[in-house]
Amino acid sequence: FYDNIVGRLRTAEQTQQLIEELRSGGLLEEVYWLCALSVNQHCSICGSFYGQPELDTVLGTAYPLCNCSAKKIVSGNSSEMNKFGDMMVHLKKEKADFR
């Protein structure tokens, strides 16, 4: 989805063109939170509810589980999911004004 955007950030001229497009569309001031420490959350949640199934509030049925073959790593050193708190503590320690 964002591949076309990434390519437009490679040069100052392309970046400026993108900024102008966003400005003319009234989107330049939109704010989004992006996790620079991206993790593949799908591989940890796609095959199980880890408790009670979540229900579709309209249909009243459990959401279907994904049957992909992604390896599920939900804990331990190889997990991407259990490092967020540690990283936030580290960032705060390294940069006192980090919020």
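The protein carries 10 positive and 12 negative side chains, and the centres of the two sets lie 8 Å apart. Here Lys and Arg count as positive and Asp and Glu as negative, with His and the chain ends not counted; each charge is placed at NZ of Lys, CZ of Arg, CG of Asp or CD of Glu. The model is predicted: local features need pLDDT of at least 70, side-chain atom pairs count only at pLDDT 80 or more, and totals for chains, interfaces and linings use all residues. Residues are numbered from 1 along each chain as its sequence is written, and side-chain values use heavy atoms, leaving out hydrogens and water.

**Secondary structure**
- There are 4 helices and 0 strands in the protein, where helices (H or I, at least four residues) and strands (E, at least two) are DSSP runs numbered from the N terminus.
- Helix α2 covers residues 12-24, and its 13 residues should span 18 Å at 1.5 Å a residue, which agrees with the 18 Å between its end C-alpha atoms; the expected span is 1.5 Å times one less than the number of residues.
- Just after α2, G26 adopts a positive phi of about 70 degrees.

**Overall form**
- The sequence order of elements is α-α-α-α.
- The radius of gyration is 20 Å, well over the 13 Å that the globule rule gives for 99 residues, so the protein is more spread out than a compact globule; the radius is taken over C-alpha atoms, and the rule is 2.2 Å times the number of residues to the power 0.38.

**Burial**
- Buried residues (under 20% relative accessible area, 1.4 Å probe, protein chains only) make up 7% of the 99 residues.

How values were computed
Buried means under 20% relative accessible area, exposed over 50%, partly exposed in between (1.4 Å probe, protein chains only).
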